Structure formats: structure tokens, C-alpha cells
Amino acid sequence: MAGLSLLVPCLNEADGLPDFVARVRAALDSTSLAAGGPWEIVLVDDGSRDTSWSCIRRLQSQHPALRAVRHERTAGIPAAWRTGLAHARGDHVCVIDADLQYDPAEIPRLWQAIAATNADIVQGVRAANDRPRDPRYLLSRGLCGLLNLAFGMSSRDNKSGFFICRRDVLAALLAFTGRYRHWQCFVMVAAHHKGYRIHEVETPFRARRSGRSAFGSLALGPALGVALDLVTALREYQPVSR
């Protein structure tokens, strides 16, 4: 299948999934996206303990463009991306969370930018004026600056997990060898290291409507995990001269 596959990890997202799917359909059915081929949604239940899986199966019965995959145990975001990619049929993939912090209405903009810029990856960077200046924001900005310094980058938002690329690009990025706690925070580091052309598009970023972030409210534990991952990333993605 040519076209676009949305890869959507889901962890305890039952309350928000119907709204997420409705918003995706509204965004993609009402645009010229279909000119580039059909689209589909691949929902990956990453070992949810709520009713996410039954909700996903119900949505699948209602929407032919929706595919459902399940992990029996929580395996993390990179594993969910791998599983989604293995089941996807599109020649391009869009990675987006199910919690509606990233707006599905922005997907067509990222898709159009792929064609307009000839970039390998188009990333939706989180608009700073949409985000409260809380500890999570400060940690995120600090991490972005640290990664830019450590890997010779100038990214506006290294940590954003909302992007579109060819499926072979994502497969190459996911072929990391180190053991990470939160590798998804280094996805753009990996892209930069491999020489992919990254184009950034500023997109809205909202508070979660339901559920609870896997990183918690302060994210201090995950921040420590990412700091430890940095040592692994420095070995795997040492800055290269271009």
C-alpha cells in the first residue's frame, strides 16, 4: 500500500481513543492527503491495564482504515513503534501519541511539508507558547539544549515524538544497538547522526485530556533515566563531522 500509516502507541488511553480516532478521520478525510495514496491508523496497545484493548477492537469494527495490535506486556514506545511498523502498509509513516497533546489536524501540514521540502523527516516541534512553564517544561528544554550541545545539533525540540518519514527511515532509526530506558528521546539524535534531512514545523501542544502520562507529573525519575541514557547515546551516536 502506498500512502501513510499512523503508528500510535497506546497505554491506558481508553477514555480518549474514540475522540483521537474521530479527530484523525476528520483531519485526513477532509484534506487532499488521499492524493498521495490511502491512509490507515495502526493502534498498538502496549500492555494497557484499562479497557484500551476492547476499545481499540470496537473502533476497529467501526473503521476499516484502523488496524489493531496488542502487546501482552508493556514494552515501551520504541517497541510499539517497531510493532506498528511491522504491521503498517504505507510507504510513509506518521508517529503520533494517542493522548491528543499533538493535534491530529496538523498531520496534513507535516505530510505536505515532506513533498515541499524533500526532507527525510518532518518533525512537529511543540510551540513554546502552548506549554506551561512547569518542571516538565524546564526539564524538556534543558534536555534539548544538552542534546544539541552533545551531538552538534540545533534542534528546536529534540524530544518531540510527532513526525512523518519514509518507513525505511524509521526502520533505520529503530535499528539501535544500545540499551536505553527512553530511546524515544534520542530519535532526532539518531536521525542527525545518520545524516537524514530534518525539517521542523511548529505545531500546537496541549495538556492531556485524559489518562496519566507514563512520565508522571514531575518526570524526575524519567529525567534521571534519560541522563543515564545519554552515556549510551554518546557511544552510539558520537558526533560526526560533515
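Author: Two strands pair if DSSP finds at least two bridges between them; strands (E, at least two residues) and helices (H or I, at least four) are DSSP runs, numbered from the N terminus. This model is predicted: local features need pLDDT of at least 70, side-chain atom pairs count only at pLDDT 80 or more, and totals for chains, interfaces and linings use all residues. Residues are numbered from 1 along each chain as its sequence is written, and side-chain values use heavy atoms, without hydrogens or water.

Reader: In which sense do E5 and E7 pair?

Author: Strands of a sheet pair through backbone hydrogen bonds, either parallel or antiparallel. Strand E5 (residues 121-126) runs parallel to E7, over 6 bridges. Arg-126 has Thr-203 of E7 as its bridge partner.

Reader: In what order do the 7 strands stand?

Author: The order is E3-E2-E1-E4-E6-E5-E7, an open sheet with mixed pairing. E3 (66-71) and E7 (198-203) are the edge strands; each has a single partner, so one side of each lacks a neighbour in the sheet. From one strand to the next, the twist averages 20 degrees.

Reader: Is Ser-5 buried or exposed?

Author: Ser-5, in strand E1, is buried (under 20% relative accessible area, 1.4 Å probe, protein chains only), at 0%. Residues touching Ser-5 include Glu-40, His-92 and Cys-94.

Notes. Axes fitted to C-alpha atoms, helices over the stretch in contact; angles between N-to-C directions. Buried < 20%, exposed > 50% of the residue type's maximum accessible area, 1.4 Å probe, protein only. Contact = heavy atoms within 4.5 Å. Lists of a residue's contacts leave out its neighbours within four places in sequence.
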